[in-house]
Amino acid sequence: MVGEQSQRQAGGRVLLPALLLGLCWRAAAERLRYTIPEELGRGSLVGPLARDLRLSPADLPARKLRLSAEEQYFTVSGENGNLYVSERLDREEMCGEAASCSVTFEALVQNPLNVFHVEVAIQDVNDNAPRFLKKNMQFEIIESTIPGARFYLGMAEDADVGSNSLQGYELEANGYFEVEVKESPDGSKFAELVLRRALDREREPSLRLVLTALDGGDPPRSGTAQLCINVTDANDNAPVFAQDRYRASLREDAPPGSTVLNVSASDADAGTNACITYGFGETPSKVLQKFAVDPESGMISLQEALDFEDTRSFSLAVEARDGGGLVAHCKVEVEVLDVNDNAPEVTLTSVSSPVSEDAPAGTVVALLKMRDRDSGENGEVSCELLGETPLSLVASSGGLYKVVTASALDREQAAEHRVTVVARDRGRPSLSSGTTLVLEVSDVNDNAPVFEEAAYSAYVVENNAAGAPVLRVLARDVDAGANGRVSYWLAGGCADAAAYVSVEARSGALYAQRSFDYEQCREFAVVVRAQDGGEPARSSTATVRVFVLDRNDNAPRVLWPATEEGDRVPGSAPALEPFEVVPRSAEAGYLVAKVVAVDADAGQNAWLSYELVPAEEPALFRVGLHSGEVRTARAVSERDAAKQRLVAVVKDHGQPALSATATLHVVLAESLQEALPELSDNDTVSELTSDLNLILVVALAVVSLVFVLTVILIFFKCRRSRSPPIFITSDKELYSSLGSKVPYNYCSSTLPLPYSYEVCLASDSGQKDFTFLKPGTTALSDCLLDVEHGSGTHSRKDPPIPESLAQI
């Protein structure tokens with residue numbers, strides 16, 4: 001138990017730093033850097049790697065700190081986490097002449113896994129002495145050499161860097177020479193031997209001097225070389241070339257290494273004075289890059305590729321130097337032969353773009369210049385256009401070509417023309433090149449606007465708001481810019497079309513000028529003109545037919561039976577209401593009346609249907625749903641009230657539906673005499689009594705007088721003729737005998753045309769009767785009263801009722 005507890009505590013101690021380290025890893029440096037001197041022995045300490053990684057010794061077993069597998073110079077201790085040298089470090093071997101030297105590797109830890117970059121800088125130690133590549137240097141110097149002559153001694157090498165590297169040279173003391181230190185452009189130091197006093201071969205034929213190279217280390221290191229100077233005899237014969245001027249030719253495609261020619265020179269001296277070496281004299285560096293000369297044989301060869309177009313010939317200065325230092329010179333001229341290695345070049349010197357589409361054929365739109373850097377046939381160029389275009393080429397002088405229009409241009413078919421100009425030389429093989437010419441075509445107003453449709457139809461529901469959109473017309477003009485900018489306006493149409501709609505100039509949208517009424521105007525047409533902005537302007541027209549759609553904004557209007565309020569004069573006495581008489585013997589299906597109504601709307605908004613408002617006896621009458629005919633639903637019984645009031649509702653089929661009502665009065669009686677008592681309305685009579693008392697008295701007196709005279713006249717007539725009694729039909733007698741008690745509008749029923757009534761009177765009887773005749777006879781409205789000339793409306797005021805008619 002104790003061991004397990006100690007293990008848990010140890011694990012906790014390891015886990016807590018690991019968690020803290022994990023939180024700090026992101027803040028830790030990405031790279032650890034150590035600096036050590038070179039030449040450290042194996043096992044030398046580099047640095048506390050684990051501590052710098054913030055790992056405690058207790059964390060090492062769990063974190064398993066190690067180095068990357070490819071690392072061979074260093075090792076890490078598994079106990080304390082220190083970084084040690086695993087083998088001897090030699091900076092010169094590792095980094096060479098580099099100014100700085102470092103070793104970079106990765107340190108890996110686990111639980112969690114992470115990688116750290118470690119860099120160990122290796123500092124230089126002055127462990128290398130300067131050394132000369134040649135320990136013994138031989139010089140042959142003629143005794144006639146003048147003081148001031150310089151001889152190159154070369155330079156010593158020192159593997160160290162910085163202040164430990166080579167710093168200077170020293171020459172053993174002598175009476176003829178001294179050494180001078182020179183620095184080359186790359187920073188290296190070399191030595192030159194300078195002759196300060198003339199040599200004398202007879203006094204001193206040879207000299208042996210020690211040259212010392214010193215570095216800047218502490219202590220400094222040095223290296224030496226032996227200078228062996230032999231004083232030779234004077235050279236009195238200079239080399240002589242076989243020719244003063246050499247000429248050679250070379251194709252420009254000759255590969256590097258090709259032989260140009262071989263020069264040769266001779267020397268009459270013997271020994272070293274006759275030993276000749278060849279080289280270039282004062283020659284531009286560009287030429288020296290192209291050619292090389294063999295110092296022993298004098299053979300000149302090509303080093304770099306030639307370019308005839310760059311340089312057509314080269315002039316080389318070649319010198320021959322003998323062993324005594326005498327020099328001879330000659331000229332070598334190399335001619336470069338052309339090869340067809342350059343394709344023709346096409347240059348657009350001028351382009352007139354855009355060009356107007358109405359430009360005539362032959363208009364110059366571009367100038368082309370052809371050039372080939374080759375010569376001869378290799379530089380002769382021909383030109384052509386590729387592709388089907390309305391353009392052609394016309395050759396001009398000096399390698400110029402004109403691009404001209406070969407036919408008329410049409411911007412609407414092609415807004416630009418893209419052609420390829422191909423130039424081809426006459427070389428073998430032939431080379432070619434091309435360029436693209438883009439020619440834009442500018443617009444001319446040669447197209448009128450075209451409407452999408454020649455005729456438009458628009459549908460607008462009535463009662464629209466003023467300014468509501470009606471339709472949008474669109475005309476397109478294939479021209480561009482102002483030539484294709486279309487504007488619209490009204491150009492005509494039906495009368496007062498401008499009062500109904502307006503058009504927006506830019507968009508072509510038509511808007512209603514006012515609210516439309518289907519019942520007043522069901523359709524109209526306007527002409528819209530589209531015009532572009534060109535000079536001169538072009539235009540076209542289109543017809544727009546506007547159809548007004550109906551809305552259910554009109555309720556049905558009842559023509560029959562007419563409403564009382566519509567016929568009554570204000571202030572006048574109320575008239576008797578129209579009524580229908582139905583015999584009590586009528587069977588089911590008997591035609592009572594016909595409700596007539598109209599609707600100003602159209603379509604289903606004007607489809608009318610009829611129905612009766614349920615009454616106390618709903619089963620007695622019915623109305624046709626679509627005909628409006630009121631018929632008896634069953635046979636009339638004795639229990640049915642003599643006076644019936646029917647309310648008919650007329651509805652249209654609009655959404656929402658509108659309706660109107662009509663009131664129909666029906667009297668159940670076998671004859672008019674039987675119906676008259678039912679028509680006596682106490683309330684109405686009481687209202688009229690006060691106004692008609694005087695009228696009734698006068699009317700009764702007149703009617704009585706007329707009746708007496710009529711009886712006397714009939715009596716005398718019958719006595720004279722002694723004819724049998726007959727039935728007389730008299731409208732006037734009926735009107736005079738009935739008086740105003742019989743309503744004059746009785747004949748103005750809902751059956752004015754096919755159904756009529758006639759009153760027949762017997763001449764020898766005081767009894768009067770109404771007879772219902774078949775259709776086609778004279779209507780009661782024509783024989784009884786004709787106040788409104790058959791209009792079906794009653795008069796403003798009823799006349800008094802005669803006593804005779806009241807008795808009846």
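**View 1. The hairpin of strand 46 and strand 47, with Gly 628 at a positive phi.** Five residues sit between the two strands of this hairpin, and Gly 628 takes a positive phi near 80°. Strand 46 (residues 621–623) and strand 47 pair in the antiparallel sense over three bridges, and Arg 622 has Arg 631 as its bridge partner in strand 47. Strands here are DSSP runs of E at least two residues long (helices are H or I, at least four), numbered from the N terminus, and two strands pair if DSSP finds at least two bridges between them. This is a predicted model: local features need pLDDT of at least 70, side-chain atom pairs count only at pLDDT 80 or more, and totals for chains, interfaces and linings use all residues. Residues are numbered from 1 along each chain as its sequence is written, and side-chain values use heavy atoms, leaving out hydrogens and water.

**View 2. The two faces of strand 47.** In a regular strand the side chains alternate between the two faces of the sheet. Along strand 47 (residues 629–632), Val 630 and Thr 632 point to one face and are buried, buried being under 20% relative accessible area with a 1.4 Å probe, protein chains only.

**View 3. Asp 532, buried without a salt bridge.** Look for Asp 532 in the loop between strand 39 (523–531) and strand 40 (539–549). Asp 532 is buried yet has no salt bridge, meaning a side-chain nitrogen of Lys or Arg within 4 Å of a carboxyl oxygen of Asp or Glu. The nearest side chain of opposite charge, Arg 538, is 5.6 Å away. The backbone nitrogen of Arg 538, though, lies 2.8 Å from a polar atom of the Asp 532 side chain, and the backbone nitrogen of Gly 534 lies 3.3 Å from a polar atom of that side chain. Leaving aside neighbours within four places in sequence, Asp 532 is in contact with residues including Asn 445, Asp 477 and Arg 485, contact meaning heavy atoms within 4.5 Å.

View 4. The strands come in the order 8-14-13-10, with mixed pairing. Strand 8 (136–142) and strand 10 (166–171) stand at the edges with a single partner strand each, so one side of each is left without a neighbour in the sheet. Five bridges join strand 10 to the antiparallel strand 13 (residues 206–215), where Glu 170 stands opposite Thr 212.

Conventions. Buried < 20%, exposed > 50% of the residue type's maximum accessible area, 1.4 Å probe, protein only. Lys, Arg positive; Asp, Glu negative; His and termini not counted. Polar contact = N/O pair within 3.5 Å; in protein donor to acceptor, adjacent residues only side chain to side chain.
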